[in-house]
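Welcome! Take a look at the picture, then read on topic by topic.

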Amino acid sequence: MDEQGKALPAATRDGLLAMVGTAGLKRAAVDIPDWGMTVHIRELSGAAFDQFVETFNRLGGEKAKSPARIRAVITVASAVDSAEPDAGRMFEDKDLETVLGLPPSGLKLIADAAIELNGMSDEAAAAVGKD
């Protein structure tokens, strides 16, 4: 059911495969007033989400619990070069330490938006009836 209570069409193989790549992923623009710019983010694909989780697993220990590092990892994984459907990632994984040098106010805005866009927030979990 969609938001208006209407039944959604049944998925087809072709329909699902057409979503593979960047075209089927949701996007958002995040205004960062302190930086005087807008950062574009993209929903993570299944493969990108696995890579995101692997990054945290590599960090391990106290580094994985650092709010600044968590926000930087999310930013590195989600930020894209533009609002265009085929926009590539803005950062590579090797940029993580450099991204940690950005002001935390902007990283928080980006991370919060990316968490929501990817359905990883408590609100999103509640919306689908999960805790």
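**Where helices α3 and α5 meet**

On the α3 side, R71, I74, T75 and S78 touch a set of residues in α5, namely L107, K108, I110, A111, A114 and I115. Sorted by class, the residues of this α3–α5 contact comprise six nonpolar, two polar and two charged. Please keep in mind as you explore that this is a predicted model.

**The overall plan**

- The protein contains six helices and three strands.
- Starting at the N terminus, its elements follow the order α-β-β-α-α-β-α-α-α.
- Of its 131 residues, 27% count as buried.
- If you take the contacts between residues at least 6 apart in sequence, 55% of them join residues at least 24 apart.

**How the helices pack**

- Two packed helices are described by the angle between their axes and the distance between the axes.
- Helix α3 spans residues 67-78 and helix α5 spans residues 104-117; their axes come within 9 Å and cross at roughly 65°.
- The crossing of α3 past α5 is left-handed.
- Helix α3 also has α2 as a partner: the axes of these two come within 10 Å, with a crossing angle of roughly 150°.
- In this case the crossing, α2 past α3, is right-handed.
- From α2, the residues F52, T55, F56 and L59 take part, and they meet R69, I70, V73, I74 and A77 of α3.
- The contact of α2 with α3 is made up of seven nonpolar residues, one polar and one charged.

**The nonpolar core**

- The largest nonpolar core holds 22 residues.
- Those with the most contacts inside this core are I32, W35, V39, I41, F52, V99 and I110.
- At least two core residues come from each of β1 (27-32), β2 (37-42), α2, α3, α4 and α5.
- V99 touches A72, T75, V76, F91 and L107, leaving aside residues up to four places away in sequence.

**One aromatic pair**

- Searching the whole structure turns up one aromatic pair.
- The partners are F49 and F52, whose ring centres are 5.8 Å apart and whose planes are 35° apart, a tilted arrangement.
- Both F49 and F52 sit in helix α2 (residues 46-59), three residues apart, or about one turn of the helix.
- F52 has a relative accessibility of 10%, so F52 counts as buried.
- F49 has a relative accessibility of 33%, and therefore counts as partly exposed.

- E43 is found in the loop between β2 and α2.
- Is E43 buried or exposed? E43 is buried, because its relative accessible area is 18%, under the 20% limit.
- Setting aside residues up to four places away in sequence, E43 touches G24, L25, K26, L117 and N118.
- D95 lies in the loop between β3 (79-80) and α4 (96-99).
- D95 counts as partly exposed because its relative accessibility is 22%.
- The C-alpha atoms of D95 and V76 are 7.4 Å apart, while the two residues are 19 residues apart along the chain.

Key:
Residues are numbered from 1 along each chain as its sequence is written. This is a predicted model: local features need pLDDT of at least 70, side-chain atom pairs count only at pLDDT 80 or more; totals for chains, interfaces and linings use all residues. Side-chain values use heavy atoms; hydrogens and water are left out. Axes are lines fitted to C-alpha atoms, for helices over the stretch in contact, and angles run from 0 to 180 degrees between N-to-C directions. Helices (H or I, at least four residues) and strands (E, at least two) are DSSP runs, numbered from the N terminus. A crossing is left-handed if the near helix is turned anticlockwise from the far one by less than a right angle, and right-handed if clockwise. Contact means heavy atoms within 4.5 Å. Ala, Val, Leu, Ile, Met, Phe, Trp, Tyr, Cys and Pro count as nonpolar, Asp, Glu, Lys and Arg as charged, and the others, Gly among them, as polar. Buried means under 20% relative accessible area, exposed over 50%, partly exposed in between (1.4 Å probe, protein chains only). Rings of Phe, Tyr and Trp (its six-membered ring) pair if their centres lie within 6.5 Å; planes under 30 degrees apart count as stacked, over 60 as edge-to-face and the rest as tilted. A nonpolar core is a set of buried Ala, Val, Leu, Ile, Met, Phe, Trp, Tyr and Cys residues joined through side-chain atoms within 4.5 Å.
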